[in-house]
Amino acid sequence: MSDLAWIDKALSAARPQAVAALLRYFRDLDIAEEAFQEASLRALKTWPKNGPPRDPAAWLIFVGRNVAIDQVRRRARQTALPDEDRISNLEDAEAARVEALDHADYRDDVLRLLFLCCHPDIPATQQIALALRLVSGLTVARIARAFLVSDAAMEQRITRAKRKVAGADLPFEAPGPIERAERLAAVAAMIYLLFNEGYSAAASTADARAPLCDEAIRLARLLLRLYPSEPEIMGLLALMLLQHARTPARFDDDGAIVLLDGQDRTLWRADLIAEGLALIDKAMRHRKRGPYQIQAAIAALHDRAARAADTDWAQIDLLYAALEAEQPSPVVTLNRAVAHMKVRGPEAALAMIEPLGERLADYFHFHGLRGALLKDLGRPDEARAAFGRAIALANSTAEAAHIRMHLDSLGC
Amino acid sequence: MLYAFLCYNNEAAVNSWTKEEDDAVMARLDVVHQKHAAKMGPALRLMPTTTATTLQKERDLILDGPYAETKEALLGFYILDCASLEEAHQVARDLAGANPGGAYEIRPVRLYVPGAPVAG
């Protein structure tokens, strides 16, 4: 990695904190973004010469603030012009400034910036796009590629979303504990959505979308550094790490999805699994269970099994029951039925999912699982009908191909 | 003399490396590791500080996060057996050439072997 590449990493790592603090100073998204942009340009000029500062975020906030104030002054036709030498060489001033920046302000600033993107009037995918642009600093072109739309369309989408959040009346005082918890929950949901946007990609688009998973993990790590004692944030990060660890095994050479049962587990990333497991251990100590922790625990049981046959399905069944109690949803029950099938057989599993028929009538996985259970129970005609329905609802050719395999085995 | 090489760096930036970038840095470091293989003791990379817990001895409290909140975090360390401080500094320069950003702190260490006499 060259020095410039390293500086680029340091800049993007400092971006959430810096933009968030500049937003608090100027209370204007455009000014904050421009100020960060300008400060970054100056960093690219001075850091290679002097070496990157010890606290890049503090440097960028300090310089960005001065630049923006100067621009505001110039716009007001005042005479004070920037003293370039003074701004680009702030060894002493920087040190003093760093001490003055309050860590508590920092973390609420970043949370506020992330929360801004979760504006309820903006559709979920646009929330994610906005966060990628504003917080992560990805270029519009890169975000457009990840969402499989043209640059112009993405530019328009982000501009529109930004206009909406700019009008939002979000108080700049430090939030109270309840408000903070609500913001954290909304931001966690947005980060997980971002992760799933990347994780649900087909092989053909995986290269463009995989960075979304990395970005989601990066944001969750940032959030956890700022709020180190939040078990659900630990759970969220663990969940994403434990799922992302399987990415290298999720597609075969032809780009078809390889289900968990058939994956080459030696390809799973041991480093991510170890980090995920460590985070679950930490989260459990708090004895405040929540949906992310439970889902992470389920992912951990899969990741811990050296072979698919070693999977502790009884424990997974129990965890899904806990998740059902915590966050009742037919999809959770459907997932639980898979574990139930492994532990108690297809009859018990079928009994569990039959009541979901109405609510999941248009859900691919419901009909796929129902077909598989009926097949196992020796009811081929009903199985065939269920598989047919599943194929009609398949979201991708890979999903349809998987069901067709079942149909083939029924001799259709 | 045994020296510890404490690796400090901007954690957020290091965590932003893609897998490919991370692998590339580790491959470059491995060249240095092999060059100094005869002197090398354990080399450890610490998981992100978000995985850390800290026991506060006074109140017997387990806290989430690392003990010290530093601008650059302690991300790993080496133990090497070097003939002199100069040699240790040369090793550190070799490592620095392979790994961007941050700093190495070089600190002589004393080794305790379980069951061995403490005096001496």
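Tutor: W6(A) counts as buried because its relative accessibility is 5%, where buried means under 20% relative accessible area, exposed over 50% and partly exposed in between, found with a 1.4 Å probe on protein chains only. The model is a predicted one, in which local features need pLDDT of at least 70 and side-chain atom pairs count only at pLDDT 80 or more, while totals for chains, interfaces and linings use all residues. Residues are numbered from 1 along each chain as its sequence is written, chains are lettered from A and ligands numbered from 1 in the order in which they are written, and side-chain values use heavy atoms, with hydrogens and water left out.

W17(B) is also buried, with a relative accessible area of 10%. Five aromatic pairs are counted over all chains; rings of Phe, Tyr and Trp (its six-membered ring) pair if their centres lie within 6.5 Å, and planes under 30 degrees apart count as stacked, over 60 as edge-to-face and the rest as tilted. The ring centres of W6(A) and W17(B) are 6.1 Å apart and the planes stand at 70 degrees, so this pair is edge-to-face. Because W6(A) lies in helix 1 of chain A and W17(B) in the loop between helix 1 (11-15) and helix 2 of chain B, the pair joins two chains. Helices (H or I, at least four residues) and strands (E, at least two) are DSSP runs, numbered from the N terminus.

The wider interface can now be described. Contact, meaning heavy atoms within 4.5 Å, involves 26 residues from chain A and 28 residues from chain B. Together the two chains bury about 2,400 Å², 59% of it on carbon and sulfur atoms; this buried area is the accessible area (1.4 Å probe) that two parts lose on being put together, summed over both.

Three salt bridges are counted between chain A and chain B, each a side-chain nitrogen of Lys or Arg within 4 Å of a carboxyl oxygen of Asp or Glu. In one between R54(A) and E72(B), the closest N and O atoms are 2.8 Å apart.

On the side of chain A that touches chain B, the elements giving two or more residues are helix 1 (3-26), helix 5 (91-100), helix 11 (203-226), helix 12 (231-244) and helix 13 (270-284). Helix 13 of chain A gives the most to that side, with five residues.
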